[in-house]
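Thanks for coming. Please have the viewer open.

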Amino acid sequence: MGKREYKKFDLGAARSTYGTPNFKYGCMYMPWPGRSLDYSHGYVATNEDLRHTTGLTRDMARKVLTIAGSGDQALFYQLNGATKIDTFDVSFCAGAIQDIKSTAIKLNLPYDEYNRLLNDLHFAHSASRVENMPQILDKASPKYADFVRNMDGYKIFGAGLSPNLYQNQILDADEYAKLQSDGVMENKFIWANASDVHAHLVEEYDVINLSNIFEWAPGIMIPTLASLRNHVRPGGYILVQTGCGISIGKNFSQFRMAQEKFKKWAKMGINKQKREDQVVILERVR
Ligand SMILES: C[S@@+](CC[C@H](N)C(=O)[O-])C[C@H]1O[C@@H](n2cnc3c(N)ncnc32)[C@H](O)[C@@H]1O
């Protein structure tokens, strides 16, 4: 497969993805496997306690590969000391929201307007018309600006629940101010499925974060870990999973199989958080 991060988006394919979205609770996931996720709705707010998760590897996670998701993963890794962050996601919309967020911070959008932006984007059927979006898109990466403008009429950032419900998880005012004064780092977005992302990598990371993927696609867990294990340095970590209420229990047999398969290579541990959120951690031992 070629370098998909440079592949141009296909507007017809993107629009057709939005056939029958379920708007009852924001947008539900599009069903998968069996359907293209290349353009599935982006999340505007993390549902994870990223302060906790990225804090687990504070001071050692300099080079990080993480799922892009809502874009909050990269921001929290930066706050916790990362100096190089590559991100990936199967959905192009994740690349777009990540770029929109970092552009908004670079433009010094006041914190309350940033929060309003997330909320408005989540509910908007035409993201480019949301308050502050015209100036953000003028400064954003042209490929995302082009995509967002051309997807007016489609609820491209409607995944998950209302961002108001995640007020404790998203950046607080101090974290936001720190990113404004430090400057948000440029990071590479790789548009790829987790199972293919290794084909785009040329280096070794301190931490690879694959959260919120395998609960939806347990079948790709073992091949994905096998393909990524040489991209984490000895002593580094792969964070495999976090809650969502479904968490580890649902795929416990897969985790047991992974533990058995990778036991010479990695130690596996479970880090329990509040509620039922959990993170499975593989530490590369050799
Ligand atoms: C479940 S969502 C939740 C948001 C995420 N927890 C956060 O904090 O931003 C995580 C992201 O995983 C992406 N995703 C799901 N399955 C994937 C896969 N097999 N490969 C790559 N990305 C995937 C989705 O497109 C979504 O952006």
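Two definitions first. Two strands pair if DSSP finds at least two bridges between them. Strands themselves are DSSP runs of E, at least two residues, and helices are runs of H or I, at least four residues, with numbering from the N terminus.

Now the caveats. This is a predicted model, so to say: local features need pLDDT of at least 70, side-chain atom pairs count only at pLDDT 80 or more, and totals for chains, interfaces and linings use all residues. Residues are numbered from 1 along each chain as its sequence is written.

The sheet comes next. It is open, with seven strands in the order β3-β2-β1-β4-β5-β7-β6 and mixed pairing. The edge strands, each pairing on one side only, are β3 (188–191) and β6 (266–272). From one strand to the next, the twist averages 20°; axes here are lines fitted to C-alpha atoms, for helices over the stretch in contact, and angles run from 0 to 180 degrees between N-to-C directions.

Look at β7 (residues 278–284). With β5 (residues 232–241), β7 pairs in the antiparallel sense over four bridges. Within β7, Leu282 stands opposite Ile238, and Ile281 is the bridge partner of Leu239. β7 also pairs with β6, again antiparallel, over seven bridges. There, Gly269 stands opposite Ile281.

As background, side chains in a regular strand alternate between the two faces of the sheet.

On to the core. A nonpolar core is a set of buried Ala, Val, Leu, Ile, Met, Phe, Trp, Tyr and Cys residues joined through C-beta atoms within 7 Å. Buried means 20 or more other C-beta atoms within 10 Å of the residue's own, exposed means 12 or fewer, and partly exposed is in between; C-beta atoms are placed from the backbone. The largest core has 82 residues, and Leu210 and Ile238 have the most contacts inside it. Helix α4 (residues 92–106) gives the largest share of this core, eight residues.

What does Ile238 touch, leaving out residues up to four places away in sequence? The list is Ile208, Leu210, Leu225, Leu228, Val232 and Leu282. Contact means C-beta atoms, placed from the backbone, within 7 Å.

Val232 lies in strand β5. Val232 is buried because 23 other C-beta atoms lie within 10 Å. Among its contacts are Glu204, Tyr205 and Arg284. Val232 and Ile208 are 24 residues apart in sequence and 6.9 Å apart in space, C-alpha to C-alpha.

Leu11 counts as partly exposed because it has 13 C-beta neighbours inside 10 Å.

Two backbone items. Asp59, in the loop between α2 (50–55) and β1 (63–67), has phi near 75°, a positive value in a residue other than glycine. Asp59 is exposed, because 8 other C-beta atoms lie within 10 Å. Asn212 has phi near 65°, also positive, and sits in the loop between β4 (205–209) and α9 (221–228).

Definitions and conventions: Two residues are in contact if their C-beta atoms, placed from the backbone, lie within 7 Å.
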